[in-house]
Amino acid sequence: MKSFVNPQDLGDLQIAMQEAFEIKNDRFKYQHLGKNKTLMMIFFNNSLRTRLSTQKAAMNLGMNVIVLDVNAGAWKLETERGVIMDGDKAEHLLEAIPVMASYCDVIGVRSFAGLSDREYDYAETVLNQFLKYSGKPVFAMETATVHPLQAFADLITMEESWAKEHSYSLGSDFTFSHPKMKAVLTWAPHCRALPQAVPNSFAQWMLAAPDVELVVTHPEGYELDPQFLQYRNPATGEIRQAVVEYDQKKAFEGADFIYAKNWSCPGVSKPEAYGQILSKDMSWTVDTEHMSWTNNGKFMHCLPVRRGLIVTDDVIESQNSLVIPEAANREISCSVVLKRILENL
């Protein structure tokens with residue numbers, strides 16, 4: 001594996017899940033792979049779980065780690081071509097990338113959407129420059145449009161919860177053959193405009209998992225880009241599609257997992273509104289009543305979460321909340337990705 005952005009990059013998802021549970025049973029089993037190899041983690045945006053979990057995963061695999069926070073201590077970087085650099089940006093990414101690459105073997109990049117230029121964001125301008133000019137394997141630690149390490153960890157967490165619920169064990173013999181689960185991705189209100197990376201990836205990965213039925217619910221105007229609402233199995237050619245339901249209560253009925261997340265307008269039905277907040281409807285906040293519509297559903301969120309906006313205290317603190325196991329499994333999802341990359345160096 002040379003790069004990691006989407007679930008297709010892992011190949012057979014069932015095998016990747018088997019590796020995840022194998023690694024969780026022995027986190028240092030593949031420590032030899034990273035000996036004398038260096039990971040460079042490049043952050044254009046803030047991070048807590050991604051930073052800690054990725055560094056821990058790399059250390060588990062025996063790697064050296066360099067962390068570069070572009071906004072704290074580095075030169076400000078220009079990302080656009082053909083500009084006259086007479087402002088506050090002293091270095092161009094096209095020079096910075098090969099310099100960074102000369103100091104490492106693998107690169108992780110975290111760069112959020114600007115939410116002002118949809119074409120720029122959805123072209124993954126920053127990430128693609130690293131893929132094109134670094135000459136090194138590159139993986140996404142959240143980009144303008146996707147957060148695959150989070151979604152992979154979400155799926156691991158759901159499978160663990162489902163196995164516990166149905167009394168079967170997980171390991172290197174994992175299969176997707178057990179009873180299907182219903183997952184609901186629900187929009188929730190927020191005080192700031194947020195990108196669509198987490199919901200995009202959650203939809204992608206749930207559709208890639210054959211044992212998950214996905215329903216997406218949100219107010220009108222928040223329609224996700226259609227490319228993330230369908231998934232084509234690279235092996236079989238089968239296409240799976242998400243169900244979009246604008247009635248939140250109807251969407252929640254019979255759900256086994258509720259994934260709450262805010263996102264700003266993706267600009268699909270309203271291009272001029274890209275990145276804007278179209279609604280702050282508090283009736284979409286996930287509370288005890290909302291969860292009562294489910295099939296004893298488990299609550300999920302990528303964190304950090306705004307309590308009282310996305311979810312109420314009683315829900316996130318309940319026994320059905322999976323937010324901490326989700327965060328812990330970020331170490332596991334990243335370990336699988338780095339293992340795959342190291343095996344191909």
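This is a predicted model: local features need pLDDT of at least 70, side-chain atom pairs count only at pLDDT 80 or more; totals for chains, interfaces and linings use all residues.
The expected span of a helix is 1.5 Å times one less than its number of residues. Helix 6 runs over residues 148-165 and has 18 residues. From its first C-alpha to its last, helix 6 reaches 26 Å, close to the 26 Å expected. Its surroundings come next. Ser-167 follows helix 6, and its phi is positive, near 55°.

Now turn to the charged pairs. Side chains of opposite charge can pair when their charged atoms come close. The model has 14 salt bridges. One of them joins Glu-19 to Arg-340, with the closest N and O atoms 3.0 Å apart. Glu-19 sits in helix 1 (residues 13-25) and Arg-340 in helix 12 (residues 330-343), so this pair ties together parts that are 321 residues apart in sequence. Are these two partners buried or exposed? Buried means under 20% relative accessible area. Glu-19 has 12%, so Glu-19 is buried. Arg-340 has 11%, so Arg-340 is buried too. The pair also belongs to a network of salt bridges: Glu-19, Lys-339, Arg-340 and Glu-343 are linked in it.

Helix 12 takes part in another bridge. Glu-331 pairs with Lys-56, and their closest N and O atoms are 3.5 Å apart. Glu-331 lies in helix 12 and Lys-56 in helix 2, so the bridge ties together parts 275 residues apart in sequence. Glu-331 is buried, at a relative accessible area of 12%. Lys-56 is partly exposed, at 34%. A further salt bridge links Glu-245 and Lys-250. Here the closest N and O atoms are 3.9 Å apart. Glu-245 is buried, with a relative accessible area of 19%.

The largest pocket has a volume of about 680 Å³. It is lined by 29 residues. Which of them are closest to its centre? They are Arg-110, Phe-112, Leu-194, Leu-303 and Pro-304. Helix 2 (49-60) and helix 7 (197-208) each supply at least two residues of the lining.

Ile-66, Val-99 and Tyr-103 make a nonpolar surface patch of about 280 Å². Val-99 lies in helix 3, which covers residues 93-101. Its relative accessibility is 39%, so Val-99 counts as partly exposed.

Terms used
Residues are numbered from 1 along each chain as its sequence is written. Side-chain values use heavy atoms; hydrogens and water are left out. Helices (H or I, at least four residues) and strands (E, at least two) are DSSP runs, numbered from the N terminus. Patches are made of residues with over 30% relative accessible area and no salt bridge: like charges are joined within 9 Å, nonpolar side chains (Val, Leu, Ile, Met, Phe, Trp, Tyr) within 5 Å. Accessible areas come from the Shrake-Rupley method with a 1.4 Å probe; for residues, only the protein chains shown count as cover. A salt bridge is a side-chain nitrogen of Lys or Arg within 4 Å of a carboxyl oxygen of Asp or Glu. Buried means under 20% relative accessible area, exposed over 50%, partly exposed in between (1.4 Å probe, protein chains only). On a 1 Å grid over the protein atoms alone, a cavity is a set of points where a 1.4 Å probe fits but cannot get out, and a pocket is an open set with protein on both sides within 12 Å along at least five of seven lines; lining residues have an atom within 4 Å of a point. Grid points are joined across faces, edges and corners, and a volume is the space filled by probe spheres set on the points.
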